[in-house]
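Let's go through this protein together, asking at each step what lies behind the label. Here it is.

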Amino acid sequence: FSFNANAFNLIELNQGVNNVDLNDDGLIDYALLAQYDNNKSHLSQTITFYVHKPEGGYSIMPSIVDDEFPYFSLSLSGSTVTVSGFSLVRYKDKIYFSTADKSIINAYDDQFFDYVLYEFISSDEHPGTPLFHWQKVFSATSINKYNSANQAFTELGSLLANFEPG
């Protein structure tokens with residue numbers, strides 16, 4: 001597909017394995033999207049990243065949450081409202097991981113969302129630490145109120161006008 005190098009695009013993820021070059025090194029990495037069924041009346045989504053190493057093989061990428069590998073969305077029981085969601089976004093020719101969390105957890109009312117954008121970081125400087133991780137580079141609160149995270153992500157692109165990638 002084609003895109004404007006300065007544009008903001010949400011990257012569509014499907015259940016299962018998604019091929020994506022997370023760090024623009026020409027090697028295909030994997031974003032594994034799965035359901036986390038916690039035996040309630042709702043299903044949450046989870047995502048795990050596997051990075052193709054230049055010397056061969058893959059490395060699992062830790063979550064943005066310390067000591068965890070998958071990142072979970074949060075939907076409220078008995079509701080289709082996602083109060084905490086995630087997305088991969090392409091902005092200015094780079095891929096980022098983003099979260100959107102409802103400021104006040106409420107399934108029925110529109111609320112502001114808090115966004116955080118994470119950049120892919122590669123590092124082999126410290127033995128015993130992961131080769132790849134997500135590093136927080138931007139945060140903002142929505143201007144408008146939304147009911148669900150997937151609706152809120154539509155505003156993130158305009159908020160990134162204040163963000164210059166490093």
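A residue is called buried under 20% relative accessible area, exposed over 50%, and partly exposed in between, using a 1.4 Å probe and protein chains only. This is a predicted model, in which local features need pLDDT of at least 70 and side-chain atom pairs count only at pLDDT 80 or more, while totals for chains, interfaces and linings use all residues. Residues are numbered from 1 along each chain as its sequence is written, and side-chain values use heavy atoms, with hydrogens and water left out.

Q: Why is E55 called exposed?
A: The relative accessible area of E55 is 62%, and exposed means over 50%, so E55 is exposed.

Q: What makes K53 and E55 a salt bridge?
A: The definition asks for a side-chain nitrogen of Lys or Arg within 4 Å of a carboxyl oxygen of Asp or Glu. In the pair K53 and E55 the closest N and O atoms are 4.0 Å apart, so the pair counts as a salt bridge. K53 has 21% relative accessibility, so K53 is partly exposed.

Q: How many salt bridges does this rule give?
A: The count comes to three. Another of them joins E164 and K92, at 2.7 Å from N to O. E164 lies in the segment after α1 (149-159) and K92 in the loop between β8 (82-91) and β9 (94-102), so this pair ties together parts that are 72 residues apart in sequence. E164 is exposed at 57%, whereas K92 is partly exposed at 25%.

Q: What makes E119 buried?
A: E119 has 13% relative accessibility, and buried means under 20%, so E119 counts as buried. The side chain of E119 meets that of K94 in a salt bridge of 2.1 Å, N to O. This pair links distant parts of the chain, with E119 in strand β10 (residues 113-122) and K94 in strand β9, 25 residues apart. K94 is partly exposed, with a relative accessible area of 27%.

Q: How do you know which parts are helices and strands, and how many are there?
A: Helices (H or I, at least four residues) and strands (E, at least two) are DSSP runs, numbered from the N terminus. By that rule the chain has one helix and 11 strands.

Q: What does the helix α1 pack against?
A: The buried residues of α1 pack against β1 (8-11), β8, β9, β10 and β11 (132-141). Among these buried residues are A152, F153, L156 and L159.

Q: Why is the pair of Y115 and F153 called tilted?
A: Rings of Phe, Tyr and Trp (its six-membered ring) pair if their centres lie within 6.5 Å; planes under 30 degrees apart are stacked, over 60 edge-to-face, and the rest tilted. For Y115 and F153 the centres are 6.5 Å apart and the planes stand at 45°, so the pair is tilted. The pair links strand β10, which holds Y115, to helix α1, which holds F153, 38 residues apart. Y115 is buried at 1%, and F153 is buried at 4%.

Q: What makes a nonpolar core, and which residues have the most contacts inside the largest one?
A: A nonpolar core is a set of buried Ala, Val, Leu, Ile, Met, Phe, Trp, Tyr and Cys residues joined through side-chain atoms within 4.5 Å. The largest has 20 residues, and those with the most contacts inside it are L22, I47, F49, L88, F97 and W134. A second, separate core of 17 residues includes V89, Y96, Y115 and L117.

Q: What does F97 touch?
A: Contact means heavy atoms within 4.5 Å. Leaving out residues up to four places away in sequence, F97 touches residues including I47, F49, L88, Y118 and W134. Ring pairs also link F49, F86, F97, Y118, F120, F132 and W134 into a cluster.

Q: Why is Q111 counted as buried?
A: Q111 has 12% relative accessibility, and the cut-off is under 20%, so Q111 counts as buried. Q111 sits in the loop between β9 and β10.
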